[in-house]
Amino acid sequence: MLEVYELALKMDEEADRKEGDPQRLRTLLEELKSLVRSIPGRYFKETEAGVRPGIKDRRDFKILLAEDNKMNQRLIEALLDRMDLECRIAANGKIALDMLREDSYDLLLLDMQMPEMDGMETIRHIRSDEELKDLYVIALTAQAMKGDAEKIINAGCNAYLAKPIEKDKLNEMINSLLVNNG
Ligand code: MN
């Protein structure tokens, strides 16, 4: 693939030159064509299906949002939608645990303040559960007080975001997960 890239760069340079040589450009294009023809068809099939090597399909990336506040549920759902991602929603930690045990998820967004079972208790259950202990968990916290972040990470969350959730930060965290999970 590096060769294709290098050739494309050369063509780009040639096209940018003030007195570019159309013949040279044509020669490079022919080289590029024959190089592309030598790439196994399998590669194209995978690409057509939307499977890019090393990057998980966004629609296959399963997110569970544990959040009791309806407004926050809708807000985060909308943020994820703009990133081409979907999530399922649990209104408290208890429901979240049930859902996590029924289906496999790639990511849990975990609100810390919830009725029935809060975030702290939920993360403890997750980390002591043989099936769930490796789940990636991002804690969602209200205006974090000093020391809260440390408590949250010590309890076993992988990362945390303070509310209101910033789209760019959430996007960045999820993108790095998508690449690593490929
Ligand atoms: Mn809450």
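View 1. Read along the sequence, the elements of the protein chain follow the pattern α-α-α-β-α-β-α-β-α-β-α-β-α. The model shown is predicted. Eight helices and five strands are present in the protein chain. Of its 182 residues, 34% are buried. Among contacts in the protein chain with a separation of 6 or more, 60% are between residues 24 or more positions apart. The protein chain has an accessible surface of about 11700 Å², and carbon and sulfur atoms contribute 49% of that area.

View 2. Five strands make up an open sheet with parallel pairing, in the order 2-1-3-4-5. Strand 2 (87-90) and strand 5 (159-162) are the edge strands, each of which pairs on one side only. From one strand to the next, the twist averages 20°.

**View 3. Pairing of strand 3 with strand 4.** Strand 3 (residues 107-111) and strand 4 (residues 136-141) run parallel and are joined by five bridges. Within this pairing, L110 is found opposite A139 of strand 4. Helix 6 (residues 119-127) packs on the sheet, where it touches both strand 3 and strand 4. The direction of helix 6 makes about 150° with that of strand 3.

**View 4. The manganese site.** The manganese ion is coordinated at 2.1 Å by D68, D111 and Q113. D68 and D111 each contribute an OD atom, whereas Q113 contributes its O atom. In sequence, the spacing of these donor residues is D-x42-D-x1-Q. D111 also belongs to the span of strand 3, residues 107-111.

View 5. D111 and Q113 both coordinate the manganese ion. D111 counts as buried because its relative accessibility is 1%, and the cut-off for buried residues is under 20%. Q113 has a relative accessibility of 47% and therefore counts as partly exposed, a class that lies between the 20% limit for buried and the 50% limit for exposed residues.

Terms used. Residues numbered from 1 in each chain as written. Predicted model: local features only at pLDDT ≥ 70, side-chain atom pairs only at ≥ 80, totals over all residues. Heavy atoms only, no water. Donors = N, O, S within 2.8 Å, 3.2 Å for Na, K, Ca; no water. Buried < 20%, exposed > 50% of the residue type's maximum accessible area, 1.4 Å probe, protein only. Helix = DSSP H or I, 4+ residues; strand = E, 2+ residues; numbered from the N terminus. Contact = heavy atoms within 4.5 Å. Areas by Shrake-Rupley, 256 points an atom, 1.4 Å probe, with all protein chains shown as cover. Pairing = 2+ DSSP bridges. Axes fitted to C-alpha atoms, helices over the stretch in contact; angles between N-to-C directions.
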